[in-house]
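Good morning, colleagues. Please take a moment to look at the sequence and the structure before we discuss the side-chain contacts.

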Amino acid sequence: MENLTNSVLLPDSLPEIMTEDFNLLDKKYLKIIFIRIAIFAILLAAGLISFLLFSDEKIPGLILVAIISGIVILIVYSIIISILGFPKKGYLLREKDISYKTGIIFYKQISVTFNRIQHVEVSQGILGKLFGLSSVKIFTAGGSASDLSIPGLLSSDAQKLKAFISDKISQYE
């Protein structure tokens, strides 16, 4: 019978992931984020205008000012969070795993080991096509949605990353 051990690992002995090592997303992706915010703002404004035009009741001025102020605050907040949060987003490719980090208010770092990956796909939306950007989506067993999605990559870099990960996961099959 094999002698099994279960040694204690102290936090100081764990490998460290340096934030400087992360690859940042392409700056054109920030433009896509701003376009999405603008579309959202236009839809909110159109909804409010439609409501005002087609509503039989008149909304008091103070309530209307409060609604418009709320919409403006929401949009300004979204822009500020996008500007401050964008430099915090990035991915890190290591020998045995890939990590993605994001967030300024709520920080999140996801790491997926290559031996857990089932498949990888590259996707590109309408705005991505306009700016030459793609997303890499990584799927592990048991889910229908991607476990890790890295947006804002140049399309050529996304294809290279997909090929690299596909090669790595084929080694584990």
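Which side chains meet in a salt bridge? They are those of Arg94 and Asp97, with a distance of 2.7 Å from N to O. Please bear in mind that this is a predicted model. The structure holds 1 salt bridge. Its two partners may be described in turn: Arg94 is partly exposed, at a relative accessible area of 29%, whereas Asp97 is buried, at 8%.

I turn next to the nonpolar core. The largest one has 29 residues, and among those with the most contacts inside it are Ile98, Ile117 and Leu161. At least two core residues are supplied by each of several elements, including helix H1 (28-54), strand S5 (117-123) and helix H4 (155-171). The largest share, 7 residues, comes from H1.

Let us now consider the aromatic rings. The structure holds 2 aromatic pairs. In one of them, the ring centres of Tyr29 and Phe86 are 6.5 Å apart and the planes lie at 35°, so this pair is tilted. Tyr29 belongs to helix H1 and Phe86 to the loop between H2 and strand S2 (90-93), so that parts of the chain 57 residues apart are linked. Tyr29 is buried at 10% relative accessibility, and Phe86 is buried at 9%.

The rings of Phe114 and Phe164 have centres 6.1 Å apart and planes at 75°, and the pair is therefore edge-to-face. Here Phe114 counts as buried, at 1% relative accessibility, while Phe164 counts as partly exposed, at 32%.

Finally, Lys101 lies over the face of Phe22, at 5.3 Å from the ring centre. Thank you for your attention.

Notes
Residues are numbered from 1 along each chain as its sequence is written. This is a predicted model: local features need pLDDT of at least 70, side-chain atom pairs count only at pLDDT 80 or more; totals for chains, interfaces and linings use all residues. Side-chain values use heavy atoms; hydrogens and water are left out. A salt bridge is a side-chain nitrogen of Lys or Arg within 4 Å of a carboxyl oxygen of Asp or Glu. Buried means under 20% relative accessible area, exposed over 50%, partly exposed in between (1.4 Å probe, protein chains only). A nonpolar core is a set of buried Ala, Val, Leu, Ile, Met, Phe, Trp, Tyr and Cys residues joined through side-chain atoms within 4.5 Å. Helices (H or I, at least four residues) and strands (E, at least two) are DSSP runs, numbered from the N terminus. Rings of Phe, Tyr and Trp (its six-membered ring) pair if their centres lie within 6.5 Å; planes under 30 degrees apart count as stacked, over 60 as edge-to-face and the rest as tilted. A charge sits over a ring if NZ of Lys or CZ of Arg is within 6 Å of the ring centre and within 35 degrees of the ring normal.
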